[in-house]
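Trainee: Could you show me how to read a buried polar side chain and its surroundings?
Mentor: Gladly; let's look at the model together.

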Amino acid sequence: MNKNLLQIIAVKKKAILAGFFVAVIVLSVFFLTTGKISAAVEKYKILPQDEYFTELYLNNRPSSLREVQVGEVLPISFVIANNESANKSYKYVVYLQTPELGNVSIAEGTIFVVKGTRKVIDVRLLLSPNITSSSMLLIDLPELDQSIHFKVIENYE
């Protein structure tokens with residue numbers, strides 16, 4: 001084949017390839033601006049979706065109440081972190097669950113937490129002489145069915 005003819009064919013191939021890429025770019029921009037691709041992405045959840053949630057955790061784990069004398073106060077601190085899509089008010093309940101007394105309320109309330117922030121709630125547990133066996137501390141967000149609990153008294157004597 002003629003060298004000039006090969007050069008002409010190579011130039012035509014490059015022009016066709018460049019035209020193809022330009023067409024792909026133009027069509028992509030068209031579909032993105034008309035919303036068809038974004039609608040498909042949304043419909044089929046192709047991209048990861050935002051996740052919204054609330055965190056509830058202890059800020060400090062109190063030591064066992066065996067180290068606290070009857071009549072002393074044990075400070076307890078917990079955190080509510082709002083990772084939801086909006087500001088939110090949270091109802092919380094803190095209680096001690098004992099075999100002798102059943103559920104003993106320690107604290108309850110409602111706290112407003114701005115989206116993307118957290119609030120620390122401090123409560124105080126007074127050790128009662130009526131508690132003589134293993135007990136559990138429960139911190140509950142009843143509207144979210146979310147709670148944490150742990151044993152605070154083991155074989156108290």
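Mentor: A polar contact is a pair of N or O atoms within 3.5 Å; within protein, one must be able to donate a hydrogen and the other to accept it, and residues adjacent in sequence count only if both atoms are side-chain atoms. This is a predicted model, where local features need pLDDT of at least 70, side-chain atom pairs count only at pLDDT 80 or more, and totals for chains, interfaces and linings use all residues. Numbering starts from 1 along each chain as its sequence is written, and side-chain values use heavy atoms, leaving out hydrogens and water.

Trainee: With which side chains does T54 make polar contacts?
Mentor: The T54 side chain has a polar contact of 2.8 Å with that of Y90, and one of 2.8 Å with the side chain of E84.

Trainee: Is T54 buried or exposed?
Mentor: Buried means under 20% relative accessible area, exposed over 50%, partly exposed in between (1.4 Å probe, protein chains only). T54 counts as buried because its relative accessible area is 9%. Contact means heavy atoms within 4.5 Å; beyond neighbours within four places in sequence, T54 contacts residues including I80, A81 and L141.

Trainee: Which strand holds T54?
Mentor: Strands (E, at least two residues) are DSSP runs, numbered from the N terminus. T54 lies in strand β1. Two strands pair if DSSP finds at least two bridges between them; β1 (residues 53–60) pairs with β2 in the antiparallel sense over 7 bridges, and E55 is opposite A81 in β2.

Trainee: How many residues of β2 are buried?
Mentor: In β2, 8 of 11 residues are buried.

Terms used:
Helices (H or I, at least four residues) and strands (E, at least two) are DSSP runs, numbered from the N terminus.
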